[in-house]
Amino acid sequence: MKDANCIFCKIANGEIPSATLYEDDVFRVFMDLGPATKGHALIVPKDHYNDLFELPEETAASAIKLAKKLGAQIRDALHADGMNIVQNNGAAAGQTVAHFHLHMIPRYADDGQKIGWQPREITPEKAVEIAAEIKG
Ligand code: AMP
Ligand code: ZN
């Protein structure tokens, strides 16, 4: 299932060329063209799913397996000091391309990048209340 207007459908299926690290029947892994750091790559399924919640379980599991294997390869080849595996769902969460993708972002000591959030205060009682709200 492809989306004719989706840039990642076109890249993943080879209609638009990319700097490809890895390809199989289900995925293409290519270099991000707005990299956070040297080696920033994206794991992208060839079929169109908007986000993680639309992805079949088996494809989700395979994406994590690929991140483990290729993330280690990137880390070793580029002598990275760490690695962020990042995945955004929805514009509010920073997703800019509405086709599921997993970021592999190698990190280097003092690379000047920041991936994270500002921690806020919560009481243990409030945390229990929110957990109950989610569990329903
Ligand atoms: P997100 O904000 O999680 O949706 O990430 C989208 C990522 O796709 C960003 O890191 C962009 O730099 C990257 N990106 C957008 N268009 C392209 C493209 N044509 N080729 C490679 N990477 C892209
Ligand atoms: Zn797509």
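**Exercise 1.** Does Arg107 count as buried or exposed, and why?

*Solution.* Begin with the cut-off, under which a residue is called buried when its relative accessible area is under 20%. In this predicted model, the relative accessibility of Arg107 is 18%, and therefore Arg107 counts as buried. Finally, look at its surroundings, where the side chain of Arg107 makes a polar contact of 2.7 Å with the side chain of Asn84. Leaving out residues up to four places away in sequence, Arg107 also touches others, including Thr37, Asp81, Met83 and Gln113.

**Exercise 2.** Find the largest nonpolar core and state which elements give two or more residues to it.

*Solution.* The largest nonpolar core holds 14 residues, and among those with the most contacts inside it are Val29, Ile43, Leu66 and Met104. Two or more residues come from each of strand E2 (27-31), strand E3 (41-45), helix H2 (57-78) and E5, with H2 giving the most, namely five residues. A second, separate core has nine residues, including Ala12, Leu42, Val44 and Val97.

**Exercise 3.** Describe the largest pocket by its volume and its lining.

*Solution.* The volume of the largest pocket is about 260 Å³. Its lining comprises 17 residues, and those nearest its centre are Phe8, Phe30, Asp32, Leu33 and Leu42. Helix H1 (7-12) and E2 are the elements that give two or more residues to this lining, and H1 gives the most, with three residues. Sorted by class, the lining has nine nonpolar, seven polar and one charged residues.

Conventions: Residues numbered from 1 in each chain as written. Chains lettered and ligands numbered in written order. Predicted model: local features only at pLDDT ≥ 70, side-chain atom pairs only at ≥ 80, totals over all residues. Heavy atoms only, no water. Buried < 20%, exposed > 50% of the residue type's maximum accessible area, 1.4 Å probe, protein only. Polar contact = N/O pair within 3.5 Å; in protein donor to acceptor, adjacent residues only side chain to side chain. Contact = heavy atoms within 4.5 Å. Core = buried A, V, L, I, M, F, W, Y, C linked by side-chain atoms within 4.5 Å. Helix = DSSP H or I, 4+ residues; strand = E, 2+ residues; numbered from the N terminus. 1 Å grid on protein atoms, 1.4 Å probe; cavity = no way out; pocket = protein on both sides within 12 Å on 5 of 7 lines; lining within 4 Å. Points joined across faces, edges and corners; volume = space filled by probe spheres on them. Nonpolar A, V, L, I, M, F, W, Y, C, P; charged D, E, K, R; others polar.
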